[in-house]
Number of protein chains: 2
Amino acid sequence: MQHFDVNWLLSRAAHGLREAMDTEAMAHGTSIRGQIVLTALVQNSHPDARPYSQLALGHALGVDKTTMTALLDKLERQGLVVRTPDPNDRRARIPVPTEAGRELQAKLYHQLAAVEDRVLADLAPAERDVLRSLLRRIISTEEPVEGSCV
Amino acid sequence: MQHFDVNWLLSRAAHGLREAMDTEAMAHGTSIRGQIVLTALVQNSHPDARPYSQLALGHALGVDKTTMTALLDKLERQGLVVRTPDPNDRRARIPVPTEAGRELQAKLYHQLAAVEDRVLADLAPAERDVLRSLLRRIISTEEPVEGSCV
DNA sequence: TATTGTTATACTCTATAACTATA
DNA sequence: TATAGTTATAGAGTATAACAATA
């Protein structure tokens with residue numbers, strides 16, 4: 001496990017952090033993945049931003065369109081997101097966070113940051129930045145990702 | 001996604017690397033997880049090492065005993081591992097790699113290292129060491145792990 | 001013809017609970 | 001009583017294929 005253990009280390013670290021954050025998110029009736037989608041939508045709803053279609057959103061977050069359909073189904077059922085028609089393309093739909101969605105996103109944002117802080121407690125702020133930077137470079141090698149969300 | 005995106009970055013990086021390595025492993029009839037189990041068993045079969053029970057092996061690799069049962073079932077079906085009785089505890093079983101298991105592990109070891117090399121191509125050797133070190137520290141914060149395998 | 005989104009389906013990974021055989 | 005391992009089962013995450021509506 002000395003020369004190709006990065007895969008194992010990544011899987012373990014990802015699983016542990018996700019579990020910790022999901023526990024916190026589920027205490028508020030949602031999930032870490034729901035919060036990621038919600039956050040991407042909120043952060044992309046500036047007046048000068050082009051709104052995400054479902055496909056664009058899925059591409060930005062690295063998930064398949066079928067996965068995105070399931071995620072949005074759940075968020076819409078909870079009243080956190082509504083799907084609005086795209087005026088320029090009648091095939092496409094634009095997911096928009098509701099007021100309740102924005103409120104939950106803002107509340108969870110800080111609480112999930114606290115959980116991440118706890119799990120990364122051993123890493124100094126500069127080390128966390130290094131980690132983020134290294135991970136971004138791995139991901140962009142694997143598959144190009146637009147910079148809007150990461 | 002600025003202050004709690006480590007979870008997302010880890011998930012993406014882990015998924016991408018796993019997929020690349022699994023593609024290579026499956027071309028040889030096994031999986032990355034099968035290879036991880038096999039490698040742990042081979043590396044722990046020094047004369048002076050205490051052999052892993054299934055439970056100890058699962059704990060070392062961070063997987064549940066039920067997951068370990070399924071992994072060993074597959075490896076045993078392929079003739080890569082046999083489960084031998086523990087002479088000191090008749091409840092326990094000691095998984096031992098067969099000769100075929102050792103050969104496949106050795107062959108895949110280098111080929112999977114090459115895949116990891118390819119995915120981590122943008123990272124200098126020193127940066128990969130930093131990444132491993134940071135990930136180890138996250139994992140050990142989440143849950144203590146004995147040092148034999150990592 | 002190609003694309004957006006949905007549905008149905010399947011496969012992997014993980015975990016919980018109930019069971020057995022030992023300790 | 002507690003532990004090692006198995007089985008059954010369920011849930012989350014991912015992906016493929018077929019389809020409807022639209023481009």
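1. A polar contact is a pair of N or O atoms within 3.5 Å; within protein, one must be able to donate a hydrogen and the other to accept it, and residues adjacent in sequence count only if both atoms are side-chain atoms. Here is one: a polar backbone atom of Arg90(A) lies 2.8 Å from a phosphate oxygen of DNA strand D.

2. This is a predicted model, in which local features need pLDDT of at least 70, side-chain atom pairs count only at pLDDT 80 or more, and totals for chains, interfaces and linings use all residues. Residues are numbered from 1 along each chain as its sequence is written, chains are lettered from A in the order in which they are written, and side-chain values use heavy atoms, with hydrogens and water left out.

3. Start with DNA strand C. It has 18 residues around it, and Gln54(A), Leu55(A), Arg91(A), Arg93(A) and Arg33(B) come nearest. A residue is near a strand if one of its heavy atoms lies within 4 Å of it.

4. Next, the polar contacts of DNA strand C. A polar side-chain atom of Arg93(A) is 2.5 Å from a phosphate oxygen. A polar backbone atom of Leu55(A) is 2.7 Å from a phosphate oxygen. Lys65(A) has a side-chain N or O atom 3.0 Å from a base nitrogen.

5. Now DNA strand D. Of the 18 residues around DNA strand D, Arg33(A), Gln54(B), Leu55(B), Arg91(B) and Arg93(B) come nearest. Sugar or phosphate supplies 70% of the DNA strand D atoms within 4 Å of the protein; bases supply the rest.

6. Two contacts of DNA strand D come from chain B. A backbone N or O atom of Leu55(B) lies 2.6 Å from a phosphate oxygen. A polar side-chain atom of Thr69(B) lies 2.8 Å from a phosphate oxygen.
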